[in-house]
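Hello,

Here is the structure I promised to pass along. Please have a look at it first, and then read on for what turned up.

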Amino acid sequence: MIQKPKGTYDVTGKLGLEVRYLEKLFASIMEKYNYKYIRTPVFEASTLFHRGVGETSDIVKKETYDFKDKGNRDLTLRPEGTAGVVRSFIENKMYADSNQPIKTWYMGSMYRYERPQAGRYREFYQIGVEVFGDTDAYTDAEVISIPVNFYKMLGLKNVKVMINSLGDQESKEKYRQALLDYFKPYLDELCDDCKERYQKNPLRILDCKVDKDKEFFKNAPKTIDYLNEPSKNHLNDVLKYLKAMDIEYVVNPNIVRGLDYYTQTVFEVEAFMPSLGNQNVLCGGGRYDNLVKNLGGPDTKGVGFALGMERLLEVIHNENIELDKEEVDIYVVPMDISCKDKVASLVQYLRLNGFVVETDYINRNLKGNFKQIDRLNVKYIAFVGEEEISKNIIKIKNNHTKEEYQIKFEKLIDFLDDLEVDDHEENI
Ligand code: HAM
């Protein structure tokens, strides 16, 4: 038997319902925020990620799926969404749009060659947001509010917003020097990767999985102590707006994020869930004021985040949150095979009028249909037989109260509307 590749999974059955529920809920939140959906390719030129995510990040150095296509082009399966969206922003000249800022959201599969474990896959699904334009600290707070509201609407408890600042370019330079000075006496004790990071990008030493438990790491300088005045003000403003939005947070100077493009605000939302181990970070993001320029675009600021679907589902299952509200408005029962064309026409008519409709696909008898109705969560049953057809009526039964009605075909939709049969939550 051919099996799925290591680190991947299938979405089937109940999981399929849950995933669709989450996607639709997020899409409905994005409508409220007036963010626009964007979709970019799953593979991009490899250089995009080298220049965007960063040569020294583990993601690019060790975890990308790189390949050459038949035209000998160097391509990479996207390890994250930001670089592709920035490329699209530049290529489609969105910076020239008079309607600024450009507020986008996306969802899709990302690929990282990591060691699979709970909450960590090689193909995983992210939902994310990127905002471009000359935005101030309010936008950082708004972006943070998106996953917070999403998790709140889902009823997640025990989630914590952690926030930090890397500062602007000047602060980052000062901090870089402080790291070089600090780690210099320990150079021999660092792993080979960190020795290289020391030369190229000392910030990346801080997320080394090999060295991170070494005693001297504990006293390494913190970004927050190297912020210049404008950077401090920016962080304080973000915190002020978060307070105004009633969003709780913890300033955590250890958050540096594993991607190279961040400036100023960085944040993560953590779940308290021991079974997820180190994979308890549900989402992460921050500001990247130089990325658009570094990728060849005009000097444009950006801020965004991405959340992982798998870890979210893990928490949802762990907290026993029921998402799948699968409900069938009407189950149409053919009383006889000779009535199936009338059934086909009724099912089509009801679906076009917005109802969730099920019917018999495998010519069950009446008893078999009732058994199937018991398996589904059905609100109303419609019976279509010779008698009903000859009288031009439909027999309807409320599957919960067992009340029965006989309705003229032309009056059916009005009747069902009055009963508010299709009272599904808007957009969900
Ligand atoms: P990231 O922190 O690398 O950030 O990933 C964001 C989220 O994706 C993580 O918090 C986690 O939930 C999920 N995730 C990452 N890797 C895996 C994996 N191997 N298996 C399962 N879930 C995973 C970014 O990707 C940035 N692009 C976020 C961003 C957007 N920053 C600014 N804009």
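This is a predicted model: local features need pLDDT of at least 70, side-chain atom pairs count only at pLDDT 80 or more; totals for chains, interfaces and linings use all residues.

Now the overall picture. The protein chain has 14 helices and 16 strands, and its C-alpha atoms fill a box of roughly 90 × 55 × 45 Å along the principal axes. Of the 428 residues, 52% are buried. The accessible surface is about 21700 Å², with 49% of that belonging to carbon and sulfur atoms. If we take the contacts between residues at least 6 apart in sequence, 71% of them join residues at least 24 apart.

The largest nonpolar core has 50 residues, and Leu-22, Phe-26, Val-129, Phe-150 and Leu-154 have the most contacts inside it. With neighbours within four places in sequence left aside, Leu-154 touches Tyr-21, Leu-22 and Leu-25, and also Leu-312, Ile-316, Ile-321 and Leu-323. Another core, of 45 residues, lies apart from that one; Ala-83, Leu-259, Tyr-261 and Tyr-262 are among its members.

Asp-69 is in the loop between β3 (65-68) and β4 (74-77). A polar atom of the Asp-69 side chain lies 2.9 Å from the backbone nitrogen of Gly-71, and the Asp-69 side chain also makes a polar contact with the side chain of Arg-73, at 2.9 Å. Asp-69 counts as partly exposed because its relative accessibility is 23%, and partly exposed covers the range between under 20% (buried) and over 50% (exposed).

For the backbone geometry, there is a cis peptide bond between Gln-100 and Pro-101, with omega at about 0°. Pro-101 is in the loop between α4 (82-91) and β5 (102-111).

Two residues have a positive phi although neither is a glycine: Asp-246, at about 65°, and Asn-363, at about 50°. Asp-246 belongs to the loop between α8 (229-244) and β8 (250-251), while Asn-363 is in the loop between β13 (357-359) and α12 (366-375). Are they buried or exposed? Asp-246 has a relative accessibility of 64%, so it counts as exposed; Asn-363 is at 46% and therefore partly exposed.

Terms used
Residues are numbered from 1 along each chain as its sequence is written. Side-chain values use heavy atoms; hydrogens and water are left out. Helices (H or I, at least four residues) and strands (E, at least two) are DSSP runs, numbered from the N terminus. Buried means under 20% relative accessible area, exposed over 50%, partly exposed in between (1.4 Å probe, protein chains only). Contact means heavy atoms within 4.5 Å. Accessible areas come from the Shrake-Rupley method with a 1.4 Å probe; for residues, only the protein chains shown count as cover. A nonpolar core is a set of buried Ala, Val, Leu, Ile, Met, Phe, Trp, Tyr and Cys residues joined through side-chain atoms within 4.5 Å. A polar contact is a pair of N or O atoms within 3.5 Å; within protein, one must be able to donate a hydrogen and the other to accept it, and residues adjacent in sequence count only if both atoms are side-chain atoms.
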